[in-house]
Amino acid sequence: MLKTWVNRWRNRGKPPTRLDPVIIPRDQHPISRRQISSVAVKTLYRLHDAGYQAFLIGGGVRDLLIGIMPKDFDIATDATPEEVKALFGNQCQVIGRRFRLAHVRWGREIIEVATFRANHDEAASHQGGINDDGLIIRDNVWGCIEEDAARRDFTINAIYYNIADFSLWDFANGSADIENRIIRMIGDPELRYREDPVRMLRAIRFAAKLDFDIEPRTAHPIPLLAELLSDISPHRMYDECQKLLSAGYATYVLPLLQDYGLFETLFPQAAKFPCQQLWMLTARNTDQRIADDKNIHPAFFLSALLWGDVQNHFNTLIASGMPRVPAWQKASQLALTRQHARTAIPRHIGQVAREIWELQERLQTPRPRQVELLAQNPRFRAAYDFLLLREQAGEATNDMGAWWTRWQGADPGLQAEMVRGLTDVGGKGKRPRRKRTAKVSSQ
Ligand code: ATP
Ligand code: MG
């Protein structure tokens with residue numbers, strides 16, 4: 001009795017530790033096995049045939065209910081990662097420390113199989129852990145499906161598809177929220193954000209991706225808690241940013257991040273030296289490329305986000321007497337190093353961003369002899385696209401974006417004439433003097 005009371009007191013304000021499902025039979029929902037990736041179905045059946053519970057969960061179910069093609073199919077089961085490994089052998093790899101799960105490989109496709117988890121508090125064993133600020137630092141306490149559902153982030157992400165009888169188990173009234181196009185946190189939003197601040201980014205991501213509204217109680221704490229994101233490992237933050245900006249709906253993500261005060265936490269330097277118009281054009285350009293099935297380089301968005309910061313460093317270095325070429329190199333390095341502290345930028349991606357920035361001046365004021373060489377530079381395409389966007393954003397580029405467009409479409413005769421035209425501007429063989437963008441454009 002006393003123990004129950006103490007537990008209740010300790011758990012006051014905490015999200016419920018388990019939820020009960022409403023079971024929706026197969027004939028009352030639209031999801032059919034044919035819509036699910038065949039390897040996900042095989043994985044579900046293999047688990048089920050071995051006597052484990054096996055459910056499709058998360059985005060796979062949510063997106064099918066909404067009527068869009070899921071990005072991936074995640075599975076939840078009562079088998080532990082080791083049991084999954086024993087069942088799938090070499091096909092399976094157990095990964096992760098903070099959140100341990102099994103990856104089952106089918107050719108090039110990987111299906112994530114996560115074991116049901118339970119909530120845990122400070123008293124929990126080494127399998128689970130929450131630090132003094134309420135942040136979950138380890139999340140490997142196994143539980144039952146009712147407990148697992150209570151730990152899911154949003155109601156729309158807590159609908160399970162049962163391979164045993166094809167029913168849906170809806171634990172938090174997610175189907176109604178899908179119907180009403182609402183993102184709603186399960187449990188107390190503030191507490192859930194404190195447990196894992198990345199959930200704030202996930203709320204924005206789903207609102208942008210699905211064009212859903214964030215319900216007021218779920219939305220309210222976000223600007224107040226935005227700073228908590230600085231406690232998240234820069235590697236995880238980088239992954240989350242990638243998901244936010246390169247999934248085809250950056251045009252919606254960017255204003256939401258800014259409205260909710262999250263942008264400054266993710267990109268503090270960019271927020272100080274904004275190039276809003278360039279960012280929105282880059283977002284639109286990126287989304288369009290994805291819609292057209294073209295590839296995008298993660299460095300491109302980064303180049304746009306940090307462009308104001310890079311120019312600011314550059315201007316300071318030039319003012320201190322540094323020559324232009326080393327000033328660009330140093331400015332790029334400074335911008336990347338600062339951003340790296342927030343979102344760990346893989347070295348090869350930073351390198352590409354650096355090349356895009358450093359090529360801007362060379363494309364804006366090309367030496368005639370270098371025109372051919374510049375066009376053959378492996379980074380020419382990205383740097384030229386970036387120059388075009390800057391031009392569209394109203395930056396002073398001497399219309400060189402348009403010049404390069406014409407040059408690329410011209411026959412050799414016209415190309416040579418255009419290059420001679422460049423020589424005319426600056427005198428024979430000399431680098432033409434052009435007015436450069438001296439200041440950051442902060443539209
Ligand atoms: P998508 O894959 O389309 O981006 P998703 O909802 O499937 O969306 P995942 O990151 O694949 O997102 O996660 C799968 C499921 O795991 C989610 O639907 C949610 O139920 C749960 N989940 C993921 N991350 C968290 C988190 N930080 N807190 C609570 N639950 C989470
Ligand atoms: Mg998913």
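**Exercise 1. Work out where Arg 151 and Asp 148 sit and how their side chains are related.**

Step 1: find the element. Arg 151 and Asp 148 are both part of helix 5 (residues 145-151), three residues apart, which is about one turn of the helix. Helices here are DSSP runs of H or I with at least four residues, strands are E runs of at least two, and both are numbered from the N terminus.

Step 2: look at the side chains. Arg 151 and Asp 148 meet in a salt bridge, 3.8 Å from N to O. The cut-off for calling a salt bridge is a side-chain nitrogen of Lys or Arg within 4 Å of a carboxyl oxygen of Asp or Glu.

Step 3: check the cover. Arg 151 counts as buried at 10% relative accessibility, and Asp 148 counts as buried at 1%. Buried means under 20% relative accessible area, exposed means over 50%, and partly exposed is in between (1.4 Å probe, protein chains only).

A word on the ground rules before going on. This is a predicted model, where local features need pLDDT of at least 70, side-chain atom pairs count only at pLDDT 80 or more, and totals for chains, interfaces and linings use all residues. Residues are numbered from 1 along each chain as its sequence is written, chains are lettered from A and ligands numbered from 1 in the order in which they are written, and side-chain values use heavy atoms, with hydrogens and water left out.

**Exercise 2. Find out what holds the magnesium ion (ligand 2), and what else one of its donors does.**

Step 1: list the protein donors. They are Asp 72 (OD) and Asp 74 (OD), lying 2.3 to 2.5 Å from the magnesium ion. Donors are N, O and S atoms within 2.8 Å of the metal (3.2 Å for Na, K and Ca); water is not among the atoms, so sites may look incomplete.

Step 2: check accessibility. Asp 72 is partly exposed at 31%, and Asp 74 is partly exposed too, at 22%.

Step 3: Lys 71 is exposed, with a relative accessible area of 60%.

**Exercise 3. Count the salt bridges and describe a pair and a network among them.**

Step 1: take the total. The count comes to 19 salt bridges.

Step 2: pick a pair. Arg 184 and Asp 177 meet at 2.9 Å, N to O. Arg 184 is partly exposed at 29%, whereas Asp 177 is buried at 4%.

Step 3: look for a network. Arg 62, Asp 63 and Lys 209 are linked by salt bridges into one.

**Exercise 4. Which residues gather in a patch of negative charge on the surface?**

Step 1: name the members. They are Asp 133, Glu 227, Asp 231 and Glu 264. Patches take residues with over 30% relative accessible area and no salt bridge, joining like charges within 9 Å and nonpolar side chains (Val, Leu, Ile, Met, Phe, Trp, Tyr) within 5 Å.

Step 2: Asp 231 is in the loop between helix 10 (221-225) and helix 11 (234-245). Asp 231 is partly exposed, at 49% relative accessible area.

**Exercise 5. Track down Asn 173 and Asp 211, and say what their phi angles look like.**

Step 1: recall the background. Most residues other than glycine have a negative phi.

Step 2: read the angles. Phi of Asn 173 is near 60 degrees, a positive value in a residue other than glycine. Phi of Asp 211 is also near 60 degrees.

Step 3: locate them. Asn 173 lies in the loop between strand 10 (168-170) and helix 6 (174-179), and is exposed at 52%. Asp 211 lies in the loop between helix 8 (198-210) and strand 12 (213-214), and is exposed at 59%.

**Exercise 6. How far apart in sequence and in space are Ile 156 and Gly 58?**

Step 1: compare the separations. Ile 156 and Gly 58 are 98 residues apart in sequence and 7.8 Å apart in space, C-alpha to C-alpha.

Step 2: Ile 156 is in the loop between helix 5 and strand 9 (159-162), and is buried at 0%.

Step 3: Ala 304, in helix 16 (residues 298-305), has its C-alpha 9.5 Å from that of Leu 281, 23 residues apart along the chain. Ala 304 is buried, with a relative accessible area of 0%.

Terms used:
Accessible areas come from the Shrake-Rupley method with a 1.4 Å probe; for residues, only the protein chains shown count as cover. Lys and Arg count as positive and Asp and Glu as negative; His and the chain ends are not counted. The place of a charge is taken as NZ of Lys, CZ of Arg, CG of Asp or CD of Glu.
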